[in-house]
Amino acid sequence: MLVLAAAPIGQPKDASPRLREVLAAADVIAAEDTRRLRRLAADLEIVIGGRVVSYYDANESARAAELLEALREGRTVVVITDAGMPGVSDPGYRLTRLAVEAGLPVTALPGPSAVTTALAVSGLPSDRFCFEGFPPRKQGERARRLAALAAEERTMVFFEAPHRLHATLEAMAEAFGAQRPAAVCRELTKTYEEVRRGGLGELAEWAAGEVRGEITLVVAGRTAGEAAPGIEELVEEVARRESAGVPRKQAITEVARSAGVPKRDLYNAVHATPSP
């Protein structure tokens, strides 16, 4: 059986008794960081008797075949990442897919998740939400991804590296509006846990200083009463995408869809605007 085991996101005490049992009894443990697994085992006061192998982004595809063979042989294989649930912006998806396709049993050991923890403490609506993972690193790709989410009504959850937080918050303020409510959740459950709440513009100013630690961003969705982007702003967005290499027809289609406006109206506005 393949077991996807959720690891504590900060406090080892958050580990369940079942996690202790599974780690101690597993035949094979595929760990994102074997050293962190050893530290966790020490904190939990358990002895790992099975084989431990590394399983991270760079070797995930190659290692999956080896782990699948162990599953075929009837072994219990546990996948555990540095923190949270495997497969959620962490290794685990590829092996899970292979196991499912092979008709092998897959289960999950539920536990801590930065996504739902941040959502719960953000103070933002949690009845409907979506997880968007890490925004693209490149400026143009990030702007296009966020523009496509401008009309999203669900609360959005993102991961981000601390050194990119300021640029991402600025891009979000431009795409969603500086007043859009959001929360920056830093070092969740750890000693220096911090949750900053406010408008995206305000949070971007705060993040201009040094920010450290694991970051989860929660951003409110667009409300029914929130003004839609003006047609002039949409024309400018089409121009930005064209400058980034997106064909005009495709740019118009994407911007119109994300803003919830008729494509014909945006098409007419774009062609009525004199070229610079």
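The model is predicted, so local features need pLDDT of at least 70 and side-chain atom pairs count only at pLDDT 80 or more, while totals for chains, interfaces and linings use all residues. Residues are numbered from 1 along each chain as its sequence is written, and side-chain values use heavy atoms, with hydrogens and water left out.

The overall layout comes to begin with. The protein has 11 helices and 10 strands; these are DSSP runs numbered from the N terminus, with helices being H or I of at least four residues and strands being E of at least two. The C-alpha trace spans about 70 × 40 × 30 Å along its principal axes. Of the 276 residues, 44% count as buried, where buried means under 20% relative accessible area, exposed means over 50%, and partly exposed is in between (1.4 Å probe, protein chains only).

Now for the salt bridges. The whole structure holds 17 of them, each one a side-chain nitrogen of Lys or Arg within 4 Å of a carboxyl oxygen of Asp or Glu. One of these pairs Arg 164 with Glu 160, and the closest N and O atoms there are 3.2 Å apart. Both partners are tucked away: Arg 164 counts as buried because its relative accessibility is 14%, and Glu 160 counts as buried because its value is 3%. Out on the surface, Arg 212 and Glu 210 meet through their side chains at 3.0 Å, N to O, and both of these residues are exposed. A further bridge joins Glu 242 to Arg 248, with 3.1 Å between the closest N and O atoms. Here Glu 242 is partly exposed at 29% relative accessible area, and Arg 248 is partly exposed at 31%. Elsewhere, Glu 174, Glu 237, Arg 240, Arg 241 and Glu 254 belong to one network, joined by salt bridges that share partners.

Arg 142 goes without such a bridge. Arg 142 sits in helix 6 (residues 139-148) and is buried, yet the nearest side chain of opposite charge, that of Glu 160, is 5.2 Å away. For charge counting, Lys and Arg are positive and Asp and Glu negative, with His and the chain ends not counted. What the side chain of Arg 142 does reach is the backbone oxygen of Arg 137, at 3.4 Å.

Lys 249, Arg 257, Lys 263 and Arg 264 gather in a patch of positive charge on the surface. Patch members need over 30% relative accessible area and no salt bridge; like charges are joined within 9 Å, and nonpolar side chains (Val, Leu, Ile, Met, Phe, Trp, Tyr) within 5 Å. Each charge is placed at NZ of Lys, CZ of Arg, CG of Asp or CD of Glu, and the accessible areas come from the Shrake-Rupley method with a 1.4 Å probe, with only the protein chains shown counting as cover for residues. Helix 10 (248-259) and helix 11 (263-272) each supply at least two residues of the patch. Among them, Lys 263 lies in helix 11 and is partly exposed, with a relative accessible area of 45%.

Helix 10 also holds Gln 250, which is partly exposed at 38%. The side chain of Gln 250 makes a polar contact with the side chain of Glu 254 at 2.9 Å. A polar contact is a pair of N or O atoms within 3.5 Å; within protein, one must be able to donate a hydrogen and the other to accept it, and residues adjacent in sequence count only if both atoms are side-chain atoms. Gln 250 and Val 238 are 12 residues apart along the chain, with their C-alpha atoms separated by 9.1 Å.

The loop between helix 2 (34-44) and strand 3 (51-54) contains Val 47, which counts as exposed because its relative accessibility is 69%. Glu 187 lies in the loop between strand 8 and strand 9 (194-199) and counts as buried at 16%.
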